[in-house]
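Here's a quick briefing to read with the model open beside you.

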Amino acid sequence: MQNNWYIIYTREGYEKKVSSSLNKKKIENFFPQTVTVTTTSFRKTKHLREPLFKGYVFVNTSENYINTFRQIDGVISLVYWMGKPAIVPEDEIEAIKEFTNYHQNIELEKTQVVPNGNVRIIDGPSYFLEGNILALRNKDIKVHLPSLGYTLIVKLPEESIFSRETTILQNNSFSHS
């Protein structure tokens with residue numbers, strides 16, 4: 001039977017513990033986190049790791065084993081969509097992994113759930129859509145996750161947009177020898 005990515009709904013604050021329990025059982029899972037950078041009153045920066053999707057851990061398994069996860073401490077249930085366990089497409093999981101690896105202070109925006117939808121990169125410095133880099137038009141990078149009903153958003157600092165624009169112009173210039 002084929003493996004799919006399913007969503008385990010956990011008690012809030014138990015995401016890391018559930019992921020750790022799954023790792024001990026050698027079950028592939030993904031617990032996306034975002035690093036939030038804040039400034040303290042003493043002008044020091046603090047880096048806090050927080051769950052990106054509060055109460056969610058993604059697990060890659062076959063449908064035969066999904067009911068066994070309820071025995072893990074902190075698991076409430078599976079997430080269901082239209083009476084069946086919700087399946088998250090592999091490309092959306094990969095998009096979340098890439099996004100969380102490269103960005104901090106990620107925000108979530110609720111959108112409409114589109115079953116069997118394709119992941120679509122809306123904006124981004126290293127993301128391409130029909131050959132055009134769209135981050136130069138905006139200060140935000142957005143990745144739409146239709147099966148989850150969310151858009152991941154990160155706001156870019158001005159200097160990062162400028163440096164990419166300069167690099168693009170340099171790479172696209174022709175030498176006249």
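Is N105 buried, exposed or partly exposed? N105 is partly exposed, at a relative accessible area of 34% (buried is under 20%, exposed over 50%, partly exposed in between, with a 1.4 Å probe and protein chains only). Keep in mind that this is a predicted model, where local features need pLDDT of at least 70, side-chain atom pairs count only at pLDDT 80 or more, and totals for chains, interfaces and linings use all residues. Residues are numbered from 1 along each chain as its sequence is written, and side-chain values use heavy atoms, with hydrogens and water left out.

**Helix α1**
- Helix α1 covers residues 15–24, and its buried residues are E15, V18, S19 and L22 (helices are DSSP runs of H or I, at least four residues, and strands are runs of E, at least two, numbered from the N terminus).
- Seen down the α1 axis, those buried residues fall within an arc of 100°, so they line one face (the arc is that of the directions from the helix axis to the C-beta atoms).
- An α-helix has 3.6 residues a turn, so residues three or four places apart point the same way.
- On the face turned away from the buried side of α1 sit the exposed K16 and K24.
- The buried residues of α1 pack against β1, β2, β4, β5 and β6.

**T61**
- T61 belongs to strand β5, residues 56–61, and is buried at 8% relative accessible area.
- Beyond its neighbours within four places in sequence, T61 contacts Q2, N3, N4, Y6, I66 and F69 (contact means heavy atoms within 4.5 Å).

**Positive phi**
- Most residues other than glycine have a negative phi.
- N105, in the loop between α2 and β10, has a positive phi of about 55°.
- M82 has a positive phi near 55° and is exposed at 70% relative accessibility.
- K26, which follows α1, has a positive phi near 60°.
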